[in-house]
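Have a look at the model first.

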Amino acid sequence: MSKKNDQPISRKKFMQELRRYERGSVTRRHFLGVTGLGVATAVMGAAVPGLLPRKSWAATDIGDRVILATWPNYHDPANFEKFTEMTGAHVQVNVFGSNEEMLAKLQAGGSGWDVFVPTNYTITTYVGEDLIEPLELSKINNFEASAFDPRFSDAGTVNGTVYAVPKNWGTTGYVVNTKHTGGKQLTTWKEFWDITKTDFTGRTMVHDYQLTTIGNALKYFGYSFNSVDPNELADAEKLLIEVKPHLYAINSDYQPPLRNGDAWMSMCWTGDGKQLNTDMPEMQYVLGKEGGEIWSDYYAVPKSAPHRDAGYALIDFLLDPAVNAKEVLAHGYPVADSRTNELLPKELLEDPILYPAQELLDALEFGAAATLTDPNRAELLARFKSA
Amino acid sequence: MRIYTLAVYLFLYIPIGIIVLFSFNAGRHASDFHGFSIKWYGTVLANPFAMEALATSLIVASTTAVLASIFGTMAALALQKVKGRIRAIYDAAIYIAIMIPGIVIGIATLIALVTAFKFLNPVLENFWPGFLGDAPHLNMGYASVIASHTMFTMALVIVIVRARISGMDRALIEASADLYATPWRTFWQVTLPQIFPAILAGFLLSFTFSFDDFIIAFFVAGTETTLPLYVFSSIRRGVTPEINAIGTMVLTVSLTLLITAQFLLRGRGSQSSTQ
Amino acid sequence: MYGSWANRLLLVPATVWLLVMLVLPLLVVIIFSFGERGTAGGYVPAFTLEQYANLSARFTAFKNTLLLAPTGTFLCLLVAYPLAYFLAVKVHPKWKTLLLVMIIVPFWTSILIRTYAWIFILGGQGLPKVLGFLGIEGVRLINTPTAVLIGIVYAYLPLMVFPVYVSLEKLDKRLLEAASDLGSSPIEAFRNVTLPLSIPGVATGCMLVFILLMGEFLIPALLGGGKVFFIGNALVDLFLQSRNWAYGSAVAATLVIIMLVTVSIYMKLVVRNQQ
Amino acid sequence: MLSADTDAVVSFRNVTKRYGDVTAAAHLDLDVTAGEFLSFLGPSGCGKTTSLRMIAGFDQPSEGEVFLEGQRVNGVPAYRRPVNMVFQHYALFPHLNIEENVAYGLKQRAPKPPSKEIEMRVGEMLELVQLSGFNKRRIWEMSGGQQQRVALARALINKPKVLLLDEPLAALDRKLRREMQIELQNLQRNVGITFVLVTHDQEEALSMSDRVCIMREGKIVQIGSPLDLYDRPINRYVADFVGKSNFFDGAIDRIDTTAVNVKLDCGLMIKANTGPDLESFESGDPVCISVRPEQVILARKEEQLPADCGVKIKARVMNRIFLGEHTEYLLRDEKLGEFLVLSPRQNERSERPFDKDEVVLAAWSRDTALVLSSE
């Protein structure tokens, strides 16, 4: 990548380029090149090392690899390439479908991960199970606590010790292909479940994940997303079992069938909603008025990390505001880091998918640790799947 | 009959055809075709993790196949002479090993090894003689995958080889002994050539099983990523033609090996009949 | 080599392997199945029958599995038998090896990749679209039990073809000639000679496929869209979602017991019929 | 310790072989002389194969001793014994071609003969068994008779002290079997090797062997030349096994110095004066009279019979089979029952053959009727 465009570009031009990029008429590389976001990366690409005084990990040899356990569609592969270029360490990405699965792997031992991406409500459990280590913040210079919105960084601190630093936050709503609704805008979870039983029969997907699937079924009745109350769960179960014959699939890997038209609607996380909406404008991301989940993901280091230094280096790299901005552009999940947001185009910061209206946000709940480990909810999901 | 056979082969090969076709897809998504390109092959070859997963799978599968064939053949030969209750115990263990679903093997091995390591690692750390350096930290990895693949495939080899041994004419062994061959030479010159097809079949089955196994490796692999695990993880990130390119390359390599082997075997056959 | 000490030596690796990788894990599963789940998952030592008492919570999964396994086995046999017959009896020996090997070749590319190819074929952009062009609209295949059965037949076909092929191949063609000499029509000859003689192969193939189907989880998960739920899926969820090692162990132990019982009944029946 | 006959190639001394509770061979004593062709004859399960396997070394005796050329070989494994075997179904190595099969024994020798020599001897051997040029053939490309020859060549190339043949002709058809019998006999004379053959086919044993060892239930009943066995069987079992014979059951009535009076069960009193051990009989012992069919003389008139015929019977011709040189008659006497007569052609030339249902005179000389214990 050349340095010919190192002049800052005008806001107007930036937005034009972003639109073009979103429509897919230019490549990401072109977009990054023109807007200068790529330059930041290129600069870091060892061309002018002096510009990166805080690159604490550059001095040490961190080995040739780092293993990251994360979620699907959650990174910009170009950033990993850049990281490899800079440090010599390849990034191996293992992708998971649920926090439970991550926890299970880590609990079983020998996961081999250096960095993983737990969600807010899991961190106390990891700490309780002695699976993650307190972060050595001196190795993560790019983490500046004050830059982060505490709503989305609090959960990383347990009993005053920082165990995890924030990655992204987001919401869990659903995405619906409006071509099939006859132009009708959906706004609630009630509609989600009702339309599944009727017009959308055989076209709806729910997550293979008890937290969101049960939580959003609870929302049909207006119960708390986190409810572990047996009576409320019984209502949710009744709904789920009633809906099951009408589902296309129970699967957290929902982008492919939505894209090829087999599925018309699915529970969906912010970034996936953004990605789908960018490529197919008929895909509408909806947050149920009744509420639902708001969450934040973190970076953490397992106690068993085999390449700890490389793990820290990767976290530090990914928290670099310039890198992080590139990540956001790739995956479409908002960040809680004000420094990164400064680098992002205004349009993105005002995007209704990333930043829903306040009254919608107010209705959302963070998942609770008790919800994650509740055996009754796990059993409920098993009954639902086997029904 | 012919048409039926053709239909079955089509059924077997259409998915393969699709894999190959989409590996040349210029587009990023596997589901729609955007023109011809070989760029995904470049992507795979330049992807150290894909290559490493392939290498891991090859190492795991060939080690498994070698161990299973050798140990399985040894056991099959020895079990011929074992009678009574001990034989019944072995038979039961072998059949159980074959019958237990991979998923149970995976889970059982995982929890057993995790439990055993939890117990053994502190013991090793405390009692490891200092002059040998740091105590080894037992963990899931190559060894655990190979060990569990070998357990299953070895049982398979035992059954296959034993069937061949029992189908073999005992008189051939006696004929060899009668013609002055010591038991050791009889083994190499008569028994082994006779059971060799079974061993080879066992070897190939073991290799194929191990190379293709996802479920056991899913539980016991630890840090090592085998090709199926890599594919599984990649698919979750969205199916790209990269996966199809991997599939196509693996297929091409197997086919090449196969054709070469066939060619070599045929060559040897014709050589011996014209000498 | 023939001394009993040498014989024992030959058995050592197999014995060690079976003990460490089979007996030990199964023991751990049995022990864990009497334990309890920790608050955050995993296993806490205890002695309780609670896990077994709770088995009915997976009744549907067991029921589905016990329906799927025989159905899938039967379908495999239905597709495999004519193919095996054709290969064993009708094909020129020169082509046999090639055609046989061609049945395994698809196995040499990952089952995951092949199954994903089926997701495409059975998905909206695949077969239903083709049928749509032919005027058959609105066919849904993916994420249905039909899709799962197609995937199963695809994946397990070779396991059925080979044993049946071997038994038919051994069949003395003179018997068929004798039968036709004695005035049997080809169909009668098939029914009276070929079919009875191929029973051992059919029995082996059916058992292999049946056993593997009992533990199947990947194909229902991928082609059934998570809606088709078998005991294998239940086990994966118990270990990877709810992390209930104790309950998972109880389910796994039950699965193994059901399998052992089914298979031994089956073997008894087959053995008796053959005598 | 017992010792072996110095002339004998194989000697059994009181050899017993038991498999668990089953005694396959009991107290065998036997000497096989160098260069002879000896057959073990008996029905299946009589211990003949076990005896052969003890010579080969596949089985070791439970009691007693086996000697090869005077050397005690108990416990010596098959591969250290200078004997070779032709197996029942040949046991040719399917993964080796003809040449490799034949050369197999030579290649096991230490030191291994030079490959030139092996090649030469294989060539000679194949020539001997008339299979020159078949060197590279596979086993399954050969006919049964050819496989038989390969098996012979594979064994003979080692110049064994004894060649053991385990029902070598059983798998061949009748015509081929006749040819191979002659060939085997010629071969044995040419190579001068001691042959020990196991068979249940009396014709095979009698036609080829110098001596035949008749076995029954693990024991040797009688050893002797085919002629001996035919003319002087020691009991009914042997007489029945070797050739055809008519048996008339009865009991000793009175023993003279020269003859025995046997009272047959049918009431007839018959005199006989030969038998292997007449002196061992006592009055009242159950015995049988054995008369070979060709010893019976048929006539229409009494004066046509020789003077020394001790026994004369009127009998009806039930059946007549023309056999070329001979005619076989099945006769029936009311008291004696049915019996066979083999009448030479030249006898009949003088008068026309006897017709069915004709009543004729049958007679035999006292010398040709044997009194045998009815075991």
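## Which chains meet

Chain A and chain D share no contact (heavy atoms within 4.5 Å), and their closest C-alpha atoms are 49 Å apart. Chain C and chain D do not touch either, with nearest C-alpha atoms 12 Å apart. Four pairs of chains do touch, and chains B and C have the most contacts among them.

This is a predicted model, in which local features need pLDDT of at least 70 and side-chain atom pairs pLDDT 80 or more, while totals for chains, interfaces and linings use all residues. Residues are numbered from 1 along each chain as its sequence is written, chains are lettered from A in the order written, and side-chain values use heavy atoms, without hydrogens and water.

## Nonpolar cores

A nonpolar core here is a set of buried Ala, Val, Leu, Ile, Met, Phe, Trp, Tyr and Cys residues joined through side-chain atoms within 4.5 Å, buried being under 20% relative accessible area with a 1.4 Å probe, protein chains only. The largest has 260 residues, and A:Phe83, B:Ile103 and C:Leu235 are among those with the most contacts inside it. Its largest share, 14 residues, comes from helix 3 (residues 59-90) of chain C; helices are DSSP runs of H or I, at least four residues, numbered from the N terminus.

Leaving aside residues up to four places away in sequence, B:Ile103 touches partners including B:Phe219, C:Phe217 and C:Leu235. Another core, of 40 residues, lies apart and includes B:Leu172 and D:Leu28.

## A helix contact between B and C

Helix 6 (residues 142-166) of chain B meets helix 1 (residues 4-33) of chain C through residues including B:Met151 and C:Trp17.

Note on methods:
Buried < 20%, exposed > 50% of the residue type's maximum accessible area, 1.4 Å probe, protein only. Helix = DSSP H or I, 4+ residues; strand = E, 2+ residues; numbered from the N terminus. Axes fitted to C-alpha atoms, helices over the stretch in contact; angles between N-to-C directions.
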